[in-house]
2 protein chains.
Amino acid sequence: MEKALVKSLYRNTEDFIGKEVILSGWLKKIRAQKNFGFIELNDGSFFKGVQVVFDTNLENFEEISKASISSSLIVKGKVVESQGKGQTFEIQATDVEIYQKADLAYPLQNKRHTFEYLREIAHLRPRTNTFNAVFRVRSVLAYAIHKFFQENGFVYVHTPIITGSDCEGAGEMFRVTTLDMNDLPRTDKGEIDTKQDFFGKETNLTVSGQLNVETYCAAFRNVYTFGPTFRAENSNTSRHANEFWMIEPEIAFGDLEANMELGEDMIKFIIKHVMDECPEEIEFFNQFIEKGLIDKLNNVLNNEFGRVTYTEAIEILENCGKKFEFPVKWGIDLQSEHERYLSEEHFKKPVFVTDYPKEIKAFYMKLNEDGKTVRAMDLLAPGIGEIIGGSQREDNLEILEDKIKKEGMDLEDYDFYLDLRKYGSFPHSGYGLGFERMMMYITGMTNIRDVIPFPRTPKNAQY
Amino acid sequence: MEKALVKSLYRNTEDFIGKEVILSGWLKKIRAQKNFGFIELNDGSFFKGVQVVFDTNLENFEEISKASISSSLIVKGKVVESQGKGQTFEIQATDVEIYQKADLAYPLQNKRHTFEYLREIAHLRPRTNTFNAVFRVRSVLAYAIHKFFQENGFVYVHTPIITGSDCEGAGEMFRVTTLDMNDLPRTDKGEIDTKQDFFGKETNLTVSGQLNVETYCAAFRNVYTFGPTFRAENSNTSRHANEFWMIEPEIAFGDLEANMELGEDMIKFIIKHVMDECPEEIEFFNQFIEKGLIDKLNNVLNNEFGRVTYTEAIEILENCGKKFEFPVKWGIDLQSEHERYLSEEHFKKPVFVTDYPKEIKAFYMKLNEDGKTVRAMDLLAPGIGEIIGGSQREDNLEILEDKIKKEGMDLEDYDFYLDLRKYGSFPHSGYGLGFERMMMYITGMTNIRDVIPFPRTPKNAQY
């Protein structure tokens, strides 16, 4: 008798019909009558469970009949074609061992629970249908990203999590320290003596690996990071988490056009991969989480993404006859309502907006010849808005130094970054994709807390 | 004329012979004579560079002749069979554009540099042969790990980096805070008021995702983490870094035997994958970094790993006639000299040592029936010692509660962990693999600082 996984039973049913197998897993549902009963057994390998039929031929029939939800079982039995509705095969049990009878206080009895409630028991929620689907897709999506980049010759770079660099800029940071807060060392002037901290200076959690990964781009041509990033923003919204994962590719000798092609190819590849690998989960989301999800994803797969410059986009918005809360004018940062209009109503598909005014974009983006705009790109997608943000990088040493100074930043802090423009500067581009944002897009889940196994948000770092 | 990558030229030379291509990359070496010259161009896609021949037919022959090391070039030319030694093909340039002439202060001129020196310029060192090989292998090894687990049906779980859990135990931790150190909030009693910190309590950087990932094991059966972990140990050795990546698989309904099988399969898979994908790099390490590396790796691939209990291992050591610095006696923690004797001299291959005395292992390891030993396993490998550490987990609620209390820890802190033993407890096992340790084993590099892109060590967090 061979051990089998529920996934194999579903994927290769015919090979198993008539065979005896050993299954192990957890009891999801039970219906017991006088002489026989049905158990839905889930073994974790697959979104669906398998039906186990047991009867009074089993010595411990009474004990089995009283087994509680989530009890762990080891089942021996024969795989047979099922007469019942809802499944094509089932297991006729010849032996059911209750490895451990679950405590009756198990919080996930068979009734509906709110997502809010389930967040309170984040260690148990992956056992529910919704979160089982979410977190299996999370795993498959993460792998799809690696697969895409690795098969295209990209080198994966682990950029540092603890950063001693002053130049990441973007947003509030978490401080990392081993100083004894009850007995802080001080300098003669009474300031905190950060020299005595673990790394000999102030350190923080990274907000982006981009500047680091650019240095590897100069050695490996095409590179990417995929790791956790942190923002100490005190925002309690459904779209903000303080710890999230980000993907940041960077390509050498590639301009903004190549960057957009890469982004389009990547988005299509990872969506297709998840749809191919997780059909049951996607179908579940389509039915219970976001009606029309599959159409939405197919629309992305089957269309060439649009391309429009910021200047053209402003014209479209100004002439569309629609009233926006935030008035449209060249120079403004596009608001969510503008982004959604462009992708949902005008283009009706994902669209890259390029060449933004330099004032509203980061210092490292390449200045266009017009002196007013930079080679930035944002990808806007129907139903979510911005999903990718990137640019061609400024590779001219003088222009870059000038921009750093104008921002009031210290050239010395950027020594290593400027070296790339001294020792064989090269056109290069890259972008950032928020992993959780992509997760929300693919699953239809609307709260970022529900796509992260153990989310970190203000005043909340359980587990 | 089509853009080509150096890697393609090497892997599919015949397809390119006679064709015109556009290459872009960096000048690694140049030899110029009166009427012609040779450039070694590396484009980042491959460990090796390609030879470009240029001559006075090019308008800017003089300029090219004076191009400096690391200058970025865009080369057009014909792929031809090479007459010269050392390469089978070369490029006859029809056009060489110097995109940027590298500053002559470029620190990586063509001479040998010490690893110590190169650590000071971590942003440039991947451009050297050694570090180019190291960090391409790092990328391929990381992918091999994902590939192994994903193809075997494991679910990848992102366990949290910032942890609010008090129960990780192992070793000193880095504190994560947004409190203003110059103006710390205090309680009535004068203590630091951690309630006012960002997450409403004290938080730290994770030292292990194991306890978190066990909760997902109960939902997905076979799971793994692969992420950064942190130890605030003030150890300045060649084997310690404060930030490193760890792989932690966990299998449901799998005992210690299944755990060892998984470990052995994984080690063999990832070594083979790297040897297949990076033959040039492995050959380089074998020649210049660790003589005999390839034999060492083949020895791992071609042997079944040994299995021995701790008690048997102690007997072997007591009876081997060898003098050890640390005397051998049942109950001791095995020292490096003992581990190396076992794997290098006695077994001459990797060996699992199992069933250690409970006193020297963690509280969560499953107690054997003898009441003295636990179902732990360490994998010892020739040339490096311990490379994997794992165990079957205690799944009996009473025994686990008892052990937590005996350790003087607080049961409440382990609520979520104990829930796994209440609601369908199941036999399960797992282990931890230090990613950098595996990197050192596969490359032969002997300092952990040289296998991490931007290493974090005491008093050092550059970039």
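**Figure 1. Lys272(A), a partly exposed residue at 45% relative accessibility, in the predicted model.** The side chain of Lys272(A) forms a salt bridge with that of Asp276(A), with an N to O distance of 2.8 Å. Asp276(A) is likewise partly exposed, at a relative accessible area of 47%. Both residues belong to helix H7 (residues 256-277) of chain A; because they are four residues apart there, about one helical turn separates them.

**Figure 2. The salt bridge between Lys366(A) and Glu394(A).** The closest N and O atoms of this pair are 3.8 Å apart. The two residues, 28 apart, link distant parts of the chain: Lys366(A) sits in the loop between strand E14 (351-357) and E15 of chain A, and Glu394(A) in the loop between E16 and helix H12 (397-406) of chain A. Lys366(A) and Glu394(A) are both buried.

**Figure 3. Asp419(B) and Lys422(B) in helix H13 (residues 415-422) of chain B.** Their side chains meet in a salt bridge, 3.9 Å from N to O. The residues are three apart in the helix, so the separation is about one helical turn. Asp419(B) is buried because its relative accessibility is 14%, under the 20% limit. Lys422(B) has a relative accessible area of 23% and is partly exposed. In chain A, salt bridges with shared partners connect Glu214(A), Glu250(A), Arg393(A) and Arg421(A) in one network. Over all chains, the rule counts 49 salt bridges.

**Figure 4. Strand E17 (residues 428-434) of chain A, with seven of its seven residues buried.** In a regular strand, side chains alternate between the two faces of the sheet. One side of E17(A) carries His428(A), Gly430(A), Gly432(A) and Gly434(A), the other Ser429(A), Tyr431(A) and Leu433(A), and both faces are covered. Strand E12 (residues 243-252) of chain A pairs with E17(A) in the antiparallel sense over five bridges. Strand E16 (residues 385-392) of chain A is also antiparallel to E17(A), joined to it by five bridges. Gly430(A) in E17(A) stands opposite Glu250(A) and opposite Ser391(A).

**Figure 5. The open sheet of eight strands in chain A.** The strand order is E7-E11-E12-E17-E16-E15-E14-E13, with mixed pairing. Helix H6 (residues 210-220) lies across E7, strand E11 (222-230), E12 and E17 of chain A, at about 35° to E12(A). Helix H14 (residues 435-443) lies across E11, E12, E15, E16 and E17 of chain A, at about 60° to E17(A).

**Figure 6. The interface of chain B and chain A.** In this interface, 111 residues of chain B contact 111 residues of chain A. The buried area is about 9,000 Å², with 63% from carbon and sulfur atoms. His158(B), Met181(B) and Tyr423(B) supply 9% of the area that chain B buries against chain A, more than any other three residues. Two salt bridges are found across the interface. Arg221(A) and Asp43(B) form a salt bridge, their closest N and O atoms lying 3.8 Å apart. Polar contacts across the interface involve 55 residue pairs. Helix H5 (residues 129-151) of chain B gives the largest share of the side of chain B that touches chain A, 13 residues.

How values were computed: Residues are numbered from 1 along each chain as its sequence is written. Chains are lettered from A and ligands numbered from 1 in the order in which they are written. This is a predicted model: local features need pLDDT of at least 70, side-chain atom pairs count only at pLDDT 80 or more; totals for chains, interfaces and linings use all residues. Side-chain values use heavy atoms; hydrogens and water are left out. Buried means under 20% relative accessible area, exposed over 50%, partly exposed in between (1.4 Å probe, protein chains only). Two strands pair if DSSP finds at least two bridges between them. Contact means heavy atoms within 4.5 Å. Axes are lines fitted to C-alpha atoms, for helices over the stretch in contact, and angles run from 0 to 180 degrees between N-to-C directions. Buried area is the accessible area (1.4 Å probe) that two parts lose on being put together, summed over both. A salt bridge is a side-chain nitrogen of Lys or Arg within 4 Å of a carboxyl oxygen of Asp or Glu. A polar contact is a pair of N or O atoms within 3.5 Å; within protein, one must be able to donate a hydrogen and the other to accept it, and residues adjacent in sequence count only if both atoms are side-chain atoms.
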